[in-house]
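Look at the sequence and the structure shown here. The paragraphs after them go from the sheet to a helix, then to the domains and a few single residues.

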Amino acid sequence: MGLLDGKVVIVTGAGRGIGRGEALECAAQGAAVVVAEFDPSTGESVAKEIVAAGGRAVAASGDVADADVANSLVATALSEFGRLDALVNNAGILRDKTLAKLSDDDWDAVIRVHLRGHFLPTRAAVQHWKEAKQPGHVVHTASTSGILGNFGQTNYGAAKAGIAAFSTIVAMEGARGGITSNAIAPTALTAMTLDLMPQEFRDERDAAIARGEFDFFAPENVAPLVAFLCSDASSHISGKVFGVQGDSIEIFQPFTSVAEVKNDGKRWDPEDIGGRIDDLWTASGIQPGPENMMARMRYQILAL
């Protein structure tokens with residue numbers, strides 16, 4: 001028996017890394033999986049792996065930021081497996097550059113794949129659930145780059161911050177119909193990020209894995225939380241952003257007012273603000289200048 005027995009789950013970007021781990025875990029928990037992947041051969045490989053292990057899966061290729069493709073994912077779930085219970089939005093790309101060097105195309109591509117690639121499948125799934133008068137679960141992939149900010153990732157960070165906000169609002173709108181919406185901000189070493197690590201680090205990690213030690217930053221470690229959030233056991237949880245890596249699950253608190261200065265019921269004079277605004281920093285402990293918020297993360301790959 002698994003948490004997702006009899007359920008049907010769509011996972012986008014399911015051909016590699018975190019998405020592949022999510023698809024395999026959902027299948028292991030009993031779900032039939034629509035493996036959505038831009039590259040047909042990669043998606044088909046994951047679907048075959050699930051079937052070979054005794055599960056049910058079908059591959060679906062295409063760009064999820066295209067409305068026809070996004071809509072077809074729901075249609076595929078219904079035609080192949082008769083229902084849809086959960087959607088995992090994972091598809092994404094990177095085009096990292098500092099703002100001054102960032103091209104229009106690099107901005108547009110990242111915003112399109114992440115934000116539009118979350119919006120369209122979610123809309124299709126929610127429309128189906130509302131028409132069918134059934135509940136459903138959506139899991140979105142945000143990032144600490146969006147929640148905290150990260151140097152050289154204005155496009156990616158803006159998209160991921162938008163995804164966190166998108167998830168929160170979808171949760172509000174879906175609450176009456178029993179549709180949950182949550183986001184994760186995962187930390188993992190995928191093939192792409194591992195290539196950025198020093199060779200010494202990669203050698204030490206390989207040796208630790210060979211010794212049977214727990215691989216904290218393996219992308220598969222993200223999947224159990226996602227499977228749980230796709231299940232009815234999580235039906236009381238919605239509108240939340242979780243950090244997940246290794247054996248750790250965190251909860252992020254949204255932007256919250258932590259300090260205030262008032263002007264005794266009068267409109268502020270701009271010249272007076274300079275003499276009072278420092279009270280905000282004193283009361284809150286926030287620095288007035290730019291900060292490296294990523295340094296506050298509990299778990300940092302580059303710090304290893």
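In what order do the eight strands form the open sheet? This is a predicted model, and in it the order is E3-E2-E1-E4-E5-E6-E7-E8, with mixed pairing. E3 and strand E8 (248–252) stand at the edges and have a single partner strand each, so one side of each is left without a neighbour in the sheet. From one strand to the next, the twist averages 20°.

Strand E1 (residues 8–12) pairs with E2 in the parallel sense, over five bridges. Within these strands, Ile10 stands opposite Val34 in E2.

Helices lie against the sheet. Helix H6 (residues 154–174) packs on it and touches strand E5 (136–141), strand E6 (179–186) and strand E7 (241–245). The direction of H6 makes about 160° with that of E6. H2 lies across E2 and E3, and runs at about 175° to E3.

Helix H2 deserves a separate look. It covers residues 40–52, which is 13 residues. At 1.5 Å a residue, the helix should span 18 Å, and its end C-alpha atoms are 18 Å apart, which agrees. Which residues of H2 are buried? They are Thr42, Gly43, Val46, Ala47 and Ile50. These residues cover an arc of only 135° around the axis, which puts them on the same side of H2. On the other side of H2, Ser41, Lys48 and Ala52 are exposed. The cover over the buried residues of H2 includes helix H1 (17–28), strand E2 (32–37) and strand E3 (56–61). After H2 comes Gly54, with a positive phi near 100°.

The next topic is the division of the chain into domains. The domain assignment gives domain 1 (8–252) and domain 2 (258–303). Between the C-alpha centres of domain 1 and domain 2 there are 34 Å. The contact takes 14 residues from domain 1 and eight residues from domain 2.

Most residues other than glycine have a negative phi. Lys133 is not a glycine, yet its phi is positive, at about 55°. Where does Lys133 lie? It is in the loop between helix H4 (104–132) and E5. Is Lys133 buried or exposed? Its relative accessible area is 75%, and a residue counts as exposed when this value is over 50%, so Lys133 is exposed.

Asp264 also has a positive phi of about 55°, although it is not a glycine. Asp264 is found in the loop between E8 and helix H10 (270–273). With a relative accessibility of 70%, Asp264 counts as exposed.

Which residues does Arg116 touch, not counting residues up to four places away in sequence? They are Val64, Ala65, Ala67, Ile111 and Pro121. Of these, Val64 is 52 residues from Arg116 along the chain, while the C-alpha atoms of Arg116 and Val64 are separated by 8.0 Å.

Note on methods
Residues numbered from 1 in each chain as written. Predicted model: local features only at pLDDT ≥ 70, side-chain atom pairs only at ≥ 80, totals over all residues. Heavy atoms only, no water. Helix = DSSP H or I, 4+ residues; strand = E, 2+ residues; numbered from the N terminus. Expected span 1.5 Å × (residues − 1). Buried < 20%, exposed > 50% of the residue type's maximum accessible area, 1.4 Å probe, protein only. Arc of directions from axis to C-beta. Contact = heavy atoms within 4.5 Å. Pairing = 2+ DSSP bridges. Axes fitted to C-alpha atoms, helices over the stretch in contact; angles between N-to-C directions. Domains from an automatic or database assignment.
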